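Reader: I am new to this structure and would like to know what the terms rest on. Please set each value against its definition.

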Amino acid sequence: MSIPSRRDGRSRRGSRVRAALGQLRHPPEFRVPPPFLDTGQAAWVADVLADVEPATEGPATGSPDAGTLLAAATGIWRAQRKLNQRAGELSAADLRQVRRYVQAGRQALADGGLEIQEHDGAPFDPGQSLEVLAFQDEPGLTHEVVLETLRPSVYYRGERIQMGQVVVGRPAPGPTHGM
């Protein structure tokens, strides 16, 4: 078995050993620990956080505009949702850490007056200020319920700045009996 080599002729293993030994030259508080995610996990986390990345770049004035805040809020919400749906792909410790990052971003938005509202499982009333993208007949339902939030409602200091988009479940029609 041969060790893959780099273009300059040094082996990758030798490079990692040199990097680890190089860290020992520095006091412990200045040493850089190895990454805690493997390549596949790091790529997955990067994909999850890609929804948030464009929103972190505000205008040159340093004051974020409403579009930037909406993009940040929706991106953080989508990243958190994806984390919750695909949690089995990361170790428990890694998953907790990524969730803390997302929650900290969401809390920072809330502290600035931006509230993200998800509607999953909430009773649906046609008078609500929601954009219904589809109705689905669901057996077992007794009243209309939001099955899935596709875009959250976002409020800034109590005023809605983004209308939520949802899929609503409604009671399936009963069997019809002909005479």
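Author: Helices (H or I, at least four residues) and strands (E, at least two) are DSSP runs, numbered from the N terminus. By that definition the chain has 4 helices and 6 strands, in the order α-α-α-α-β-β-β-β-β-β along the sequence. This is a predicted model, in which local features need pLDDT of at least 70 and side-chain atom pairs count only at pLDDT 80 or more, while totals for chains, interfaces and linings use all residues. Residues are numbered from 1 along each chain as its sequence is written, and side-chain values use heavy atoms, with hydrogens and water left out.

Reader: Why is Gln80 called buried?

Author: Buried means under 20% relative accessible area, exposed over 50%, and partly exposed in between (1.4 Å probe, protein chains only). Gln80 has a relative accessible area of 18%, so Gln80 is buried. Gln80 is found in helix H3, residues 66–85.

Reader: Why is Gly67 called partly exposed?

Author: Gly67 is also found in helix H3. The relative accessibility of Gly67 is 45%, so Gly67 counts as partly exposed.

Reader: What makes the pair Gln80 and Arg106 a polar contact?

Author: A polar contact is a pair of N or O atoms within 3.5 Å; within protein, one must be able to donate a hydrogen and the other to accept it, and residues adjacent in sequence count only if both atoms are side-chain atoms. The side chains of Gln80 and Arg106 make such a contact at 2.5 Å. Leaving aside residues up to four places away in sequence, Gln80 touches Val102, Gln103 and Arg106.

Reader: What makes a set of residues a nonpolar core?

Author: A nonpolar core is a set of buried Ala, Val, Leu, Ile, Met, Phe, Trp, Tyr and Cys residues joined through side-chain atoms within 4.5 Å. The largest one here has 17 residues, of which Ala73, Leu83, Leu90 and Leu109 touch the most other members. Helix H2 (39–50), H3, helix H4 (92–111) and strand S1 (114–117) each give two or more residues to this core. H3 gives the most, with 7 residues. A second, separate core has 5 residues, including Leu130, Val146, Val166 and Val168.

Reader: Why is Gly169 called buried?

Author: Gly169 has a relative accessible area of 0%, so Gly169 is buried. Gly169 lies in strand S6, residues 164–171. Among the residues that Gly169 touches, not counting those up to four places away in sequence, are Gln136, Leu141 and Val145.

Reader: How do you know that S4 and S5 pair?

Author: Two strands pair if DSSP finds at least two bridges between them. Strand S4 (residues 153–156) and strand S5 (residues 159–162) have 3 bridges, in the antiparallel sense. One of the residues involved is Tyr155, whose bridge partner in S5 is Arg160. S4 and S5 form a hairpin with 2 residues between them, and Arg157 in the turn has a positive phi of about 50 degrees.

Reader: What share of the chain is buried?

Author: Buried residues make up 26% of the 179 residues in the chain.

Definitions and conventions
Contact means heavy atoms within 4.5 Å.
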